[in-house]
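Let's take a friendly walk through the salt bridges of a protein chain. Have the sequence and the 3D view ready, and follow along as each pair comes up.

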Amino acid sequence: MRTTLPTSTSAPIAPHAEASVPPGNAAGLSVWPASARATSQGDVAVGGVSLVEAAERFGTPVYLLDEGEVRDRCRSYVRAFPDTDVVYAAKAFLCRALLHWVQEEGLGLDVCSAGELELAVTNGFPAERIVLHGNAKSPDDLSAALRLGVGRIVIDSAWEIARLSALVPEGTRQKVLVRVVPGVSAGGHTAIRTGTEDQKFGLSLTDGSAQHAIARILGQPHLELVGLHCHIGSQITSVKPYLTALRRMVGLLAQVREQHGVVLPELDMGGGHAVAYRPGETPLDIPALGERIRRELATSCTAAGIPTPRLAIEPGRALVGPAGVALYRVLAVKTTGERRFVAVDGGMSDNPRPALYGARYAPRLIGRRSTAESCTATVVGRHCEAGDVLATDAVLPADIHPGDLVAIPVAGAYHLSMASSYNAVGRPPVAAVHEGRARLLIRRESLADINGRDIGM
């Protein structure tokens, strides 16, 4: 069943009381939002909202985003990083409601395009608290940033220096950072390791590209170099790579002062903080990261004889990933060879991460309590691709059948933001859940939406 509701819809959905919870539920919910509560009937409530009732109301597939979880994670970062600019990496997921949540919690914003920037500013996010990234910013991206008064632009290549400088209005200066490749390999997959020489982002510390760019920017009257930036990868579980990168960045800050007599007041250490997608996985310890990063920064700067710069970090996935839950309806179950396939009404069009990175999830049967033995299954999507797989080695009841609901937690980041309309399957809606109420944030993409873009006749 699929439903389309007005965007103003906001109504309570009664939570179910937690009672006689089956064994293993505590471990099974370890990667879910903190508000998640299992019931004896096999349902789970998130933010006080029954997932079964949410599926009936909004249809499937649907994404639920726990507002309280997002806000709590924002606050935990602010506590772990005092006197630091905590900047939300909007590429993880962006919508108008989320913009207001992170703004109200005191965070800045990191955007990667004119589209993300316009969405933020036109919905009231202060432009001076926005950082613009991108390895290949278009003239439209740069023009929009200057027109809207973005706070910082991260220079990612030598080409951008002259291009941006030529666009800055006469009599003004644009604050910029230089993205440095510190030569640190970290991250959960080769496709998301961005701190080494063999990828598209940044300017190399090793071959002198970063130092050359810094010298050129310092000679540009329309650009104001205020600091350095680095981002070493994603899904990083250890503090150690950040400390290594930080020491190298402080070394470059000291080199800039020695060679140019300039003290750069800002250092942005990016994000990439790992979250647990399945029970037993270890997320990055954010309080430990905050304490050790700030201590190492102070120690390294003292040793180098330079002032301690203002620190910035850019969490994205770690703020919204664990706050999201995806709900699907089972369409078919079959066994091919020795593999059992559970096909659902979504797939790679709403979550391409397994196909891109081999991401792994822990699906859960929702809506009934099964007494059947467990089986190992592959949860696949509805698309005409052999690689349309949502979860491998999923542990599900052996009696799972068409009509059942399946929930996939940790679905708040890089799902809908990377979604497509492949096979003309519209992108799912997003609903916020909080304190027993659910409200639609993004409506389901309809066939009329898809047809409306096609003007070829």
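A salt bridge here is a side-chain nitrogen of Lys or Arg within 4 Å of a carboxyl oxygen of Asp or Glu. The idea behind it is simple: side chains of opposite charge can pair when their charged atoms come close. By this rule the count comes to 19 salt bridges.

Before we look at some of them, a word on the model. It is predicted, so local features need pLDDT of at least 70 and side-chain atom pairs count only at pLDDT 80 or more, while totals for chains, interfaces and linings use all residues. Residues are numbered from 1 along each chain as its sequence is written, and side-chain values use heavy atoms, with hydrogens and water left out.

Helices (H or I, at least four residues) and strands (E, at least two) are DSSP runs, numbered from the N terminus. A residue is buried under 20% relative accessible area, exposed over 50%, and partly exposed in between (1.4 Å probe, protein chains only).

| Salt bridge | Distance, N to O |
|---|---|
| Arg 247 and Glu 296 | 3.2 Å |
| Arg 295 and Glu 291 | 3.2 Å |
| Arg 368 and Asp 399 | 3.2 Å |

Arg 247 is partly exposed at 41% relative accessible area, whereas Glu 296 counts as buried at 18%.

Helix H10 also holds Arg 295 and Glu 291, which are four residues apart, or about one helical turn. Both ends of this pair are partly exposed: Arg 295 has a relative accessibility of 48% and Glu 291 one of 34%.

The salt bridge of Arg 368 and Asp 399 links distant parts of the chain, 31 residues apart. Arg 368 sits in the loop between strand S17 (364-366) and strand S18 (374-380), and Asp 399 in the loop between strand S19 (389-397) and strand S20 (405-409). Arg 368 is partly exposed at 21%, and so is Asp 399 at 31%. Elsewhere, salt bridges with shared partners join Glu 67, Arg 71, Asp 72, Arg 75, Glu 104, Glu 105 and Arg 439 into one network.
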